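Reader: I'm new to this one. Can you walk me through it?
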Amino acid sequence: MAEQQNGSIPEDKKQAITDIALEHFAQRGYEKASTNQMIQQAGISKGILFHYFSSKKNLYVTVLDHCLNRLGSFMKEEQAKLPADLFKRIMRISEVKMRFFLQYPLMYKLIVEAFSSQAPDELSEEISKRRMAIASLTSVTFDDVDTSAFREGIDPSRAFDLVVTAVNALSHRFMAEHCASANRGLDQLERYTNELRLYLEMLQTGIYENGANPGKGGASS
């Protein structure tokens with residue numbers, strides 16, 4: 001996590017600076033965001049900013065960690081009530097992520113920009129450290145998935161790998177298509193979720209004994 005300089009920051013002051021920095025980093029990206037504009041909006045001096053955050057890099061990492069922590073808390077609330085059905089579970093996770101990103105659009109823009117584009121050299125190590133964290137926060141666990149509807153002869157672990165690979169490919173394609181747009185594809189999230197549902201229904205047809213029958217708890221139900 002980002003290190004702070006010269007002691008702790010009053011929580012209200014830290015939150016105000018973090019919110020302003022989030023707005024600038026999300027809208028302009030790391031390299032184009034101006035700390036001069038941030039301090040002007042915050043009504044503080046650059047000396048105060050760097051007293052709290054030592055550098056622009058450290059400020060960015062602090063803001064990114066704030067976004068990941070918020071996403072983690074949001075996802076954790078849903079992990080305890082995930083459905084046992086494989087495809088319903090994946091759709092639920094996807095819908096929860098969409099709700100989070102629609103509720104916190106600036107965090108969405110920053111996260112997509114951080115993990116889908118080429119990070120500046122000075123940030124590459126910090127971004128790499130957090131790739132596993134973002135994957136863990138948004139991944140689907142399969143320990144308690146109900147496999148009773150699987151076709152005879154289907155290996156559950158291979159089925160999980162297939163579905164996860166397909167979902168990750170769709171997600172990466174979506175981010176690659178929209179990482180350069182102004183809103184990072186925020187207005188296309190519903191379309192992406194609908195497309196994901198269609199792909200899951202096709203996979204479900206091959207994996208489940210009764211195919212995509214909603215009565216068996218499929219992705220569309």
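**Salt bridges and a pocket**

Author: Start with a network of salt bridges that links Asp65, Glu125, Glu126, Lys129 and Arg130. A salt bridge here is a side-chain nitrogen of Lys or Arg within 4 Å of a carboxyl oxygen of Asp or Glu. This is a predicted model: local features need pLDDT of at least 70, side-chain atom pairs count only at pLDDT 80 or more, and totals for chains, interfaces and linings use all residues. Residues are numbered from 1 along each chain as its sequence is written, and side-chain values use heavy atoms, without hydrogens and water.

Reader: How many salt bridges are there in the whole structure?

Author: A search finds nine.

Reader: What does Arg130 pair with, and how far apart are the closest N and O atoms?

Author: Arg130 pairs with Asp65, at 2.6 Å. Arg130 is in helix 7 and Asp65 in helix 4, so the bridge ties together parts 65 residues apart in sequence. Helices are DSSP runs (H or I, at least four residues), numbered from the N terminus. Arg130 also meets Glu126 in a salt bridge, at 2.8 Å from N to O.

Reader: Are Glu126 and Arg130 buried or exposed?

Author: Both are buried. Buried means under 20% relative accessible area, exposed over 50%, partly exposed in between (1.4 Å probe, protein chains only). Arg130 has 5% relative accessibility, and Asp65 has 6%.

Reader: And Glu125, what does it bridge to?

Author: Lys129, with the closest N and O atoms 3.9 Å apart. Both lie in helix 7, four residues apart, about one turn. Glu125 is exposed at 54%. Lys129 is exposed too, at 51%.

Reader: New topic. What is the volume of the largest pocket?

Author: About 740 Å³. On a 1 Å grid over the protein atoms alone, a pocket is an open set of points where a 1.4 Å probe fits, with protein on both sides within 12 Å along at least five of seven lines; lining residues have an atom within 4 Å of a point. The volume is the space filled by probe spheres set on the points, which are joined across faces, edges and corners.

Reader: Which residues are closest to its centre?

Author: Of the 28 lining residues, those are Lys97, Thr138, Asn168, Ser171 and Met175. Helix 8 gives the largest share of the lining, eight residues.

Reader: Last one. Where is Arg89?

Author: In helix 5. Arg89 is buried, with a relative accessible area of 1%. Beyond its neighbours within four places in sequence, its contacts (heavy atoms within 4.5 Å) include Leu82, Phe142 and Asp144.

How values were computed
Helix = DSSP H or I, 4+ residues; strand = E, 2+ residues; numbered from the N terminus.
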